[in-house]
Amino acid sequence: MQLAGMQLSDELFMPLEKEQMDIKKTSEPGLTYWRDVWRRLKKNKVAMVSLGIIILIFALSIIGPLLSPYSYSDQLRGQEKQWPSWQHPMGTDSLGRDMLVRVLYGGRISLSIGIVASLINIVIGVLYGGISGYVGGKVDSIMMRICDIIYSIPLMLYVILLTVVLKPSLTSLFELPLFSAFKSAGAGLISIYIAIGISYWIVTARIVRGQILSLKEQEYITAAKALGAGGPRILLRHLIPNCIGPIIVTTMLQIPDAIFTESFLSFVGLGVDAPVPSWGGLASDAVGGIRSYFYLLLFPSLAISITMLVFNLFGDGLRNALDPRIRK
Amino acid sequence: MGKLLEIKNLRTAFKTYAGEVCAVNGISFCVSHGEAVGIVGESGSGKSVTMLSVMKLLADNGRMVDGDILFDGVRLNDYDDRAMQNIRGKSIGMIFQDPMTSLNPVFTVGNQMVEAILKHNRIPRQQAWQKAVDMLKLVGIPNAEGRMKQYPHEFSGGMRQRVMIAMALSCEPKLLIADEPTTALDVTIQAQIIELMKELKNKINMAIILITHDLGVVADICERVIVMYGGIIVEQGKLDEIFYQPLHPYTVGLLNSIPRLNLGKNRLEPIEGQPPDMIHAPQGCPFVARCPRAMKICDMAKPEYVEPSEGHGAACWLLLKGHRGEM
Amino acid sequence: MAQYLVKRFAYSVLTLFIIITITFFLSHAIPGGVYTTEKPLPQSIVNNIKAKYGLDKPLFQQYLIQLNNIVHLDFGMSMVNEGRRVNDIIAQHFPKSALLGSFSILLCLILGIPLGILSALKRDRWQDNVSMIIATIGVTVPSFVVATLTQYFISVRLKWLPVMGFTSFKHMVLPAVALSFFPLAFIARLVRSNMVEVLEQDYIRTARAKGLSRGVVVFKHALKNSIMPVITYLGMLIATILTGSFVIEKIFNIPGLGRFYVESISNRDYTTIMGITVFYAAFLILMNFVVDVVYVLIDPRIKLKQ
């Protein structure tokens, strides 16, 4: 019998050395969790392109307005309602304001709404869900019942009500010298931050609670308890870090939702204060003039849609990367 | 006894993110009419994939790369899905590991049984219903008529597995494939299900292929045993031969890792290490890394399957060690 | 089951009570009111207005009065539209919104579900890709943009459909399309992902092992299981259509309740905001309750639990 050209000698039938075998028994070291996630994410072209576009959108919104010769509120006399040109790549609006800089600046506002609102969501959601899941029992069932109640009504109604209430309240509040620092941000913007921020945390809370419920039964929590760690410490050090994956994914999907909600509010007349632009505000301003000035609606709508799209695609990709079971 | 099922050099591969991976790598065996054969091996050894290849029920990313499957003298390779539908359920019945998820939760048990009977028999619905009731009685479900109208979630795990068996047998198949039928059940229920299968095997003359990782279950009903590891058959033979004259170190390891009261041993010997990663398939014997008797050659080339005695053989270099001159 | 429904009903009532409370205190936290105008009104007139709407009473007493009124299904008078009762406003405008909404929901279901099934069955092939691209556009473009664009191109440019108003079926097509765009896309994605998941379940393999044809397996065994989550989504769907109506009715100039709600927000018409919000909430809670009942009737697994 031949084996790859060599004769079967007695030598080959000697026992395999022990050291060689030991090396073989331990399979190659597994990648750490996050490196594994990153490796899977990198393979997902759609998610990576989306991530690139997200970074680009942020960069343009932050740097763009600084490079423009105009500011978002500059009214150029005699250049009103111009169609896109080299001078004004996105045209100008009815007051002669450059649309490009307004869209870029609007990006700052819209993105900040997405991020600030999501951050508020996360803080409330994580704490609420964490406490509910960790304490368990009666407290858990009452807290979850409250969630159910809030969830059964469209959050848009709360957001509208809250904005209706907050805007004038904050306006009068910012008149006080103590809070005058906020005045420049505008009561409209801040009321949107808060209204969206305190309305959309239910999803996060539920996810965190679910994770905590399953995690807290696991051995390492018992081990931590045996070492004398207290409740809050276990919650913050051990449980919440293990929920990071789902939390990031939810956030990724909540940012575009908040931007979407803001555009809706602008349309209803509860948006940020003029002349500060937001994508939603720009788009809803343009709706009336659609017949003659199509481009005024086009660019802000594109900005919203592309942002929605890339955040959603990246969020999906991230979710798949975090949960290898869904991997195709 | 003629051959009912004959598998020749079957290779089945799955597309994964790391390319195409062979889960079953060239296996051949036969099952005769009325014979009970056990296929034993750890999870991932390719036992289920082999049987799903026979049924042509592989997941979308899997395909049969090579080999022949002959059932009752017919080559199943040539059958398309429509033709296979007349084999599945009618000539070959199959039951699965987890009875909790193997029945559709939104239809009554009766509905699911009757549809199988109607698919393969031209009989009125009334008669099919009666047939289903009879089958449920046969597998020992009390109040069969009433149970027909209930949903799967109203049955216990053991009862569901009985329903699965009744359903698989309702068209009197020549071959029953049982894919780990007792793994998901409580130990006491396991014994009942095994007892039931034994009883039914004697009542209806059908062949059984029992897939399991539990040698105890095999000892109970099987006449022949096939031991699989890493996508190949490492050893096969009659029940006694496997239990008392195992040839392959893996079989020896399996036997040492089950508790046996009569041998007076008080230590179980586990097989050290993990099954091979099929994505980075080893070039030598798949068991080399865990084999207590591994030799240099084991790491370099796959051993061929040889049968020192009629019907009992293994794929191991140890067998070839003594016979080198003759080959 | 009866016990379950009673319990659910009790929760619905509790929910409604909480919402009335929140709405009441929120709307009274707004500084100023109808009497805040460009020029400050004389104090006597302000007092008169306050007295007329009961705003001079202590807050808690106002709250009790409000609760009592709502129990008697009386939402009071509009503050801005002189002489109109909020009840009348709802009775006059809601049917139009409801008609448009029902049509939109129908559209979502009869298009969204087949689209999702098609995608799942033709997974990763062009049918799937095309449907999913449409679905992705659906969830990324704001509804008022869809509405404005379709209105402009189909009605203004091509003159295929009327631009505005709400007097015939033709008037309903574009608003309904705009309203159902997002939920339709959502349903298609939901059905697709459920179908894909269900097709990998053990019981599907069992059905195939019985020798059933692909058609029976998909349309009997997989379909019912994949549609279940759509029923749970129905409550959300109604809510989405309802909030969507705020912008769509404005764009197409439809005299529905949504448009009226938005107007009352900008007019700071407390009683109307309050009345319509409570009405919307009650309506949605009722719908959620109905959806729950339907779900219990359809899914055999729930019956035994309670």
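A residue is called buried under 20% relative accessible area, exposed over 50%, and partly exposed in between (1.4 Å probe, protein chains only). The model is predicted: local features need pLDDT of at least 70, side-chain atom pairs count only at pLDDT 80 or more, and totals for chains, interfaces and linings use all residues. Residues are numbered from 1 along each chain as its sequence is written, chains are lettered from A and ligands numbered from 1 in the order in which they are written, and side-chain values use heavy atoms, with hydrogens and water left out.

Salt bridges were examined across the model. Side chains of opposite charge can pair when their charged atoms come close. The rule asks for a side-chain nitrogen of Lys or Arg within 4 Å of a carboxyl oxygen of Asp or Glu. It gives 24 salt bridges over all chains. One of them joins the side chains of B:E20 and B:R63, at 3.1 Å from N to O. B:E20 sits in strand β2 (residues 19–32) of chain B and B:R63 in strand β4 (residues 62–71) of chain B, so this pair ties together parts 43 residues apart in sequence. Helices (H or I, at least four residues) and strands (E, at least two) are DSSP runs, numbered from the N terminus. B:R63 has 41% relative accessibility and counts as partly exposed. B:E20 is partly exposed too, with a relative accessible area of 41%.

A second salt bridge in chain B links the side chains of B:D81 and B:R88, again 3.1 Å from N to O. Here B:D81 is partly exposed at 24% relative accessibility, whereas B:R88 is buried at 0%. In chain C, C:D128 pairs with C:R192, and their closest N and O atoms are 2.9 Å apart. This pair links distant parts of the chain: C:D128 belongs to helix α5 of chain C and C:R192 to helix α7 (residues 169–199) of chain C, 64 residues apart. Both C:D128 and C:R192 are buried. Salt bridges with shared partners also join B:D81, B:R88, C:R208 and C:R214 into one network.

The interface of chain C and chain A comes next. The size of an interface is often given as the accessible area lost when the parts come together. Buried area is that loss (1.4 Å probe), summed over both parts. Between chain C and chain A about 3600 Å² is buried, and carbon and sulfur atoms give 80% of this area. Across this interface the rule finds three residue pairs in polar contact, both residues at pLDDT 80 or more. A polar contact is a pair of N or O atoms within 3.5 Å; within protein, one must be able to donate a hydrogen and the other to accept it, and residues adjacent in sequence count only if both atoms are side-chain atoms. On the side of chain C that touches chain A, α1 (2–28), α5 (126–140), α6 (143–157), α9 (214–251), α10 (257–266) and α11 (270–298) of chain C each supply at least two residues. Among these, α1(C) gives the most, with nine residues. The contact (heavy atoms within 4.5 Å) takes 46 residues from chain C and 39 from chain A.

Helix α10(C) is mostly covered, with seven of its ten residues buried. These are C:L257, C:G258, C:F260, C:Y261, C:V262, C:S264 and C:I265. They pack against α6 (155–175) and α11 (244–268) of chain A, together with α4 (86–121), α9 and α11 of chain C. Just after α10(C), C:R268 takes a positive phi of about 50°. C:N253, in the loop between α9 and α10 of chain C, also has a positive phi, near 55°.

In chain B, helix α6 (residues 157–169) has 13 residues and reaches 18 Å from its first C-alpha to its last. Twelve of the 13 residues of α6(B) are buried, so this helix is largely enclosed by the rest of the structure. Its cover includes β6 (92–95), α3 (109–120), α4 (125–138), β7 (175–179) and α7 (187–203) of chain B, together with α8 (202–209) of chain C.

Chain A has 13 helices and two strands. Buried residues make up 49% of its 328 residues.

Conventions
The expected span of a helix is 1.5 Å times one less than its number of residues. Buried area is the accessible area (1.4 Å probe) that two parts lose on being put together, summed over both.
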